[in-house]
Amino acid sequence: MLAILRPTWRPLARAFSRTPAAAKALIVKNQEEFLNKVMHSDLPVIVNFHAEWCEPCKILSPRLKELVEPLEDIVLAVVDVENNVDLVHTFEVKAVPAVIAIRNGIVVDKFIGLVDGEMIDKLIAELSRGAKPESDGSDSKQ
């Protein structure tokens, strides 16, 4: 019985912290979590600043989730502006929804408001391209 229990808790702990699937629907609860899971992420992250009372947010949030969820190389993080005022000030969020793209701890793109699918696709494509430039560039120079 002990042998059955031991393997189940260790792999689960690793799965929660390391697999892209586990990180796909990241709800940021505080600044420390944002720093650890977004700014220090190995994968590019799309951060959706939203509010429960925001009608455009209710349209954009499911759209973002639908477009990002199937991707292996991008994570979606959701930040409630009411509960994370410090992050709102840090990233100078003046209106919601506000979406920022972060790669290697640096903001590389952003948009504010309800945008069409083409703009979201462009943001995702930019992050996907930027996620692999070193390996692509070094192979082509040889």
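Q: Which residue forms a salt bridge with K58?
A: In this predicted model, where local features need pLDDT of at least 70, side-chain atom pairs count only at pLDDT 80 or more and totals for chains, interfaces and linings use all residues, a salt bridge is a side-chain nitrogen of Lys or Arg within 4 Å of a carboxyl oxygen of Asp or Glu. Residues are numbered from 1 along each chain as its sequence is written, and side-chain values use heavy atoms, with hydrogens and water left out. Both partners lie in helix α4 (residues 55-68), three residues apart, about one turn of the helix, helices being DSSP runs of H or I with at least four residues, numbered from the N terminus. The closest N and O atoms are 3.3 Å apart, and the partner of K58 is E55.

Q: Is E33 buried or exposed?
A: Buried means under 20% relative accessible area, exposed over 50% and partly exposed in between, with a 1.4 Å probe and protein chains only. The side chain of E33 meets that of K37 in a salt bridge, and K37 is partly exposed at 45%. With a relative accessible area of 13%, E33 is buried.

Q: What is the distance between the closest N and O atoms of E126 and R129?
A: Both residues lie in helix α6 (residues 117-130), three residues apart. E126 counts as partly exposed at 34% relative accessibility, whereas R129 is exposed at 54%. Their salt bridge has its closest N and O atoms apart by 2.9 Å.

Key. Helices (H or I, at least four residues) and strands (E, at least two) are DSSP runs, numbered from the N terminus.
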